[in-house]
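What can be read from a single protein model when its fold, one of its helices, its surface and its charged pairs are taken in turn?

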Amino acid sequence: MKFAEDDKNDYFDGTDIPEEPVRPKEPKKPALKPDDPLYWYEDEPEFEHLKPKDSRRIWWIIALAGLLTGLLVSGYIYWFTPEAEDAVQFGYVEEIEHRGLVFKTYEGVLLPYKNIMDTTRVYDGDFKFSTKDTPSAVMLRRMQYANHPVRVVYRRYRTTLPWRGDTRYIITSVDSVDPSKILPPDRVIHE
């Protein structure tokens, strides 16, 4: 049986269609083993994670690490290094008390000599201080009761921290002072 469709011209038969050339099959590459140095240079997807994705990412990480280091160093300098060391103040102890809930420190007030004796200046205010040193606090208490002037050496910080005390001024040492050395001769009280 012949179908009517078979009588029509077939456009895909004939000599006008070039035949595809037969390509020789490429030989299969041998599978490389980890002992072979070329094994590590192949572009295989399993080693894709070892290649750097983007060089900008590395620079962002370096910049972020530099910024973090800079912040840590500047924070350390701001909170933990004194603004002034071995500063001296003369005066009379007005009060001293042991204060604090978690961090116990001695807090006190010193009436500065320069503010008491110099009537030409505007009164600057009392010298408020903190200390953790118990012998210094005991010496300050004794000078308060005896009403003798003291010489305090202190450090001034930029800010307060709970374990240092309530003030920026931290007493490091205390000495008693002969009133005749700091007071004018007409103001010396003879005992």
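This is a predicted model: local features need pLDDT of at least 70, side-chain atom pairs count only at pLDDT 80 or more; totals for chains, interfaces and linings use all residues.

Asp86 is exposed, its relative accessible area being 61%. The residue belongs to strand β1, and its phi, near 55°, is positive although Asp86 is not a glycine.

The protein has 191 residues, of which 25% are buried. Its secondary structure amounts to four helices and five strands, arranged along the sequence in the pattern α-β-β-α-β-α-β-β-α.

Four of its residues, Ser136, Ala137, Leu140 and Met143, are buried. Viewed down the axis of α3, the buried residues fall within an arc of 125°, and therefore line one face of the helix. Their packing partners are strands: β1 (84-99), β2 (105-112), β3 (127-131), β4 (150-156) and β5 (169-176). On the face turned away from this buried side, α3 carries the exposed residues Pro135, Arg142 and Tyr145.

What follows α3 in the chain? The helix is followed by Asn147, a residue with a positive phi, near 60°. Asn147 lies in the loop between α3 and β4. With a relative accessibility of 56%, Asn147 counts as exposed, since the cut-off for that class is over 50%. Like Asp86, Asn147 is a residue other than glycine with a positive phi.

The surface also holds a nonpolar patch of about 1100 Å². Its members are Val73, Tyr76, Ile77, Tyr78, Trp79, Phe80, Leu101, Val102, Phe103 and Trp163. Phe80 is located in helix α1, which comprises residues 55-80. Its relative accessibility is 38%, so Phe80 is classed as partly exposed, between the limits of 20% and 50%.

Charged side chains supply a further set of relations. In the whole structure, a search finds six salt bridges. One of them joins Glu83 to Arg168, with 3.2 Å between the closest N and O atoms. Because Glu83 sits in the loop between α1 and β1 while Arg168 sits in the loop between β4 and β5, this pair ties together parts that are 85 residues apart in sequence. Both partners are partly exposed: the relative accessible area is 39% for Glu83 and 32% for Arg168. The pair also belongs to a network of salt bridges that links Glu83, Arg156 and Arg168.

A second salt bridge pairs Glu85 with Arg155, the closest N and O atoms being separated by 3.7 Å. Here the partners are in strands, Glu85 in β1 and Arg155 in β4, so the contact ties together parts 70 residues apart in sequence. Arg155 is partly exposed, with a relative accessible area of 32%.

A further salt bridge is formed by Glu97 and Arg99, whose closest N and O atoms are 2.9 Å apart. These residues are partly exposed as well, with relative accessible areas of 33% for Glu97 and 36% for Arg99.

Where in the chain is Asp178 found? Asp178 occupies the loop between β5 and α4 (179-182), and with a relative accessible area of 40% it is partly exposed. Asp178 and Arg151 are separated by 27 residues in sequence, and their C-alpha atoms are 9.8 Å apart in space.

Definitions and conventions. Residues are numbered from 1 along each chain as its sequence is written. Side-chain values use heavy atoms; hydrogens and water are left out. Buried means under 20% relative accessible area, exposed over 50%, partly exposed in between (1.4 Å probe, protein chains only). Helices (H or I, at least four residues) and strands (E, at least two) are DSSP runs, numbered from the N terminus. The arc is that of the directions from the helix axis to the C-beta atoms. Contact means heavy atoms within 4.5 Å. Patches are made of residues with over 30% relative accessible area and no salt bridge: like charges are joined within 9 Å, nonpolar side chains (Val, Leu, Ile, Met, Phe, Trp, Tyr) within 5 Å. Accessible areas come from the Shrake-Rupley method with a 1.4 Å probe; for residues, only the protein chains shown count as cover. A salt bridge is a side-chain nitrogen of Lys or Arg within 4 Å of a carboxyl oxygen of Asp or Glu.
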